Amino acid sequence: MKLSDFDFELPEDLIATRPARPRTSARLLVASPERIEDARVSEIGRWLRPGDRLVLNDTRVIPARLSGTRRRAMPDGGVAEARIEVTLLEPGTDGLWHALIRPARKLKEGERIDFAGGLHAELQESFGEGQAALRFSAEGEAFDRALEEAGQMPLPPYIAARRKADEADREDYQTVFARASGAVAAPTASLHFDDALLAELGGAGIAMTHVTLHVGAGTFLPVKVDDISEHRMHSERGEVTDRAAAEIAETRAAGGRIIPVGTTALRLIETAAVGGEIRPWQGATDIFITPGFRFRAADALMTNFHLPKSTLMMLVSALMGMDRVRAIYDHAIHERYRFFSYGDSSLLFPRGMG
């Protein structure tokens, strides 16, 4: 398969830069092999039944984007300053953070970057292509508090190119059930839920299981090869606990459907089920789901609308079939659904809605 197989024309005015308010008012495209229906997220219960189980990614997005200053003593006694933008990627070993630094050429190993609130970091090692390891002046809870003060939410590039992150994004770009800090991108399908909708679904007999996949900045990396079999998938850290695996297995055994909310939850449970049955799992996954993949854990998927030529377009094409996904996206564009992280959502049933 070629990268061009997953391309489509998207009008730029359909790229959402703010979420729907309230969250549950976002539109919901519900699709099966035979039908497409238009609804709202608030109505999702119409297509769920008692005994179904939603799988939710409870990762918490950290304010991973930092703007700081590098100061360098000059031979004439002056001080040269440079603005340095840092995006945290993931924690490394020995208290270091892997980060993307721009412009990397203005920072040398051993130099310090000062951020707001007294937080600072020292460049320990450069890896090329703007990536480096940083050691911060605080650790643990002290670091978390300092990051909350100094950092901004790491909006996706297609939003950041249109506007800066602001205080509203601290709530908007976080799920209502976020718990485990570590993501630098949100599990965006889950942004559509609020506490009232979750309670309503629970009262209707829809079960819920939490798993954790810390979404990394690699989710936005473009595919640079024409033959997709040559693409190297990014890796992300996650966990399916003993309890989560047992709940999913019990639901499947009882005939209920497993419906991950978001591609992150789907990729994680499919990683945990790679041996054929869902099992507890912890580690880093680089699972790459393309047409032809055999799904062992997920029966359906709730997901937002994805970028052309992205690995996530390949994933939904694997679930629904390439021709069906083209028809779904043609419908979404014609009906002017809003796309990407702050956009509308879809509920996809590969074997029918019933």
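User: Is R170 buried or exposed, or something in between?
Analyst: R170 counts as partly exposed, because its relative accessibility is 22%; buried means under 20% relative accessible area and exposed over 50%, with partly exposed in between, using a 1.4 Å probe and protein chains only. This is a predicted model, in which local features need pLDDT of at least 70 and side-chain atom pairs count only at pLDDT 80 or more, while totals for chains, interfaces and linings use all residues. Residues are numbered from 1 along each chain as its sequence is written, and side-chain values use heavy atoms, with hydrogens and water left out.

User: Which side chain does R170 meet in a salt bridge?
Analyst: The partner is E148, at 3.2 Å from N to O, where a salt bridge is a side-chain nitrogen of Lys or Arg within 4 Å of a carboxyl oxygen of Asp or Glu. E148 lies in helix α1 (residues 140–150) and R170 in helix α3, so the pair ties together parts that are 22 residues apart in sequence; helices here are DSSP runs of H or I with at least four residues, numbered from the N terminus.

User: What does A168 touch, leaving out residues up to four places away in sequence?
Analyst: A168, which sits in helix α3 (residues 167–172), touches R18 and R21, contact meaning heavy atoms within 4.5 Å. The C-alpha atoms of A168 and R21 are separated by 12 Å, although these residues are 147 apart along the chain.

User: Switching topic, how many salt bridges are there?
Analyst: The structure holds 25, one of them between R336 and D13 at 2.6 Å, N to O.

Key:
Helices (H or I, at least four residues) and strands (E, at least two) are DSSP runs, numbered from the N terminus.
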